Amino acid sequence: MIKNKVTNNINTVNSTINKKVKSLLPLQLQYIFGVYFLGLLFFLFYRLIIFVIECFTDFADIELGLLFKSLLMGLRFDTVVSCYVLSVFLFLMAIAAVFNIRTRYFYRPLHYILILAYAVCFLICCIDIPYFNYFSNRLNIVSLSGISFSFIIKLIVENPIFIIYGVVYLLSLAAYLWLMYCIYNATLFKTIPPYSAKQNIFKTISVSIVMFALCFVGSKTPSNNRFFN
């Protein structure tokens, strides 16, 4: 009995020993980078769907030079959206990195809220595909504010093929959830005991400032040209 008690005590002590995690950048900020690039990948996915559909209808009108410029402009606009979404989370993660916050009750709610924010963005991207096919125009804030749930139902009833886009959205969302789970496990999870990923505070503050500057620059709308927009 005494032996079992000693063994349990040893196991308890071992479980509380920090496992040092070495990383080039604070894991909290690596998480932001991972979410940013993953978001761009899924935004590009929806853009390519519209492009492929357009190829079957107006392939002769596609100019490669203009296509390349448009994709670059699309990348910049996606960066604007991502920087707006991530700005608050970047601030909170920078605070967490500086003060070495190590509780899952801080990180998990932020992780789920961020997933929800991107899920809404992807839903708008998905709605944009049938909207473009139906009206030959891109979805914007004016048209988005005028769309009602009854109109969407009517659109689907009249064009059942649009249900496919809903399936595509759900499948892409499932893939996004899994990849976000992988990013979380590779970064934020390793800041929680028994792991310890504490960084030099000077380096943490320096990297945070640089990322805030990049986020500020990235949130600037790249063009006032209506065509590119």
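Biologist: Why is Ile95 called partly exposed?

Modeller: Ile95 has 30% relative accessibility. Buried means under 20% relative accessible area, exposed over 50%, and partly exposed in between (1.4 Å probe, protein chains only). Ile95 therefore counts as partly exposed. Ile95 lies in helix α3, residues 64-98; helices (H or I, at least four residues) and strands (E, at least two) are DSSP runs, numbered from the N terminus.

Biologist: What kind of model is this, and how are residues numbered?

Modeller: This is a predicted model, where local features need pLDDT of at least 70, side-chain atom pairs count only at pLDDT 80 or more, and totals for chains, interfaces and linings use all residues. Residues are numbered from 1 along each chain as its sequence is written, and side-chain values use heavy atoms, with hydrogens and water left out.

Biologist: What is the mean pLDDT of the protein?

Modeller: pLDDT is the predictor's confidence in each residue, from 0 to 100. The protein has a mean of 80, and 73% of its residues reach 70 or more.

Biologist: What makes Phe91 and Phe212 an aromatic pair, and why is the pair called tilted?

Modeller: The structure holds 14 aromatic pairs. Rings of Phe, Tyr and Trp (its six-membered ring) pair if their centres lie within 6.5 Å; planes under 30 degrees apart count as stacked, over 60 as edge-to-face and the rest as tilted. Phe91 and Phe212 are 6.4 Å apart, centre to centre, with 55° between the planes, so they form a pair and it is tilted.

Biologist: Why do Phe91 and Phe212 count as partly exposed?

Modeller: Phe91 has a relative accessible area of 44% and Phe212 has 31%. Both values fall between the two limits, so both residues are partly exposed.

Biologist: Which residues touch the most other members of the largest nonpolar core?

Modeller: They are Tyr31, Tyr118 and Tyr176, in a core of 43 residues. A nonpolar core is a set of buried Ala, Val, Leu, Ile, Met, Phe, Trp, Tyr and Cys residues joined through side-chain atoms within 4.5 Å. The largest share, 12 residues, comes from α2. Tyr118 and Tyr176 also belong to a cluster linked by ring pairs, including Phe42 and Phe122.
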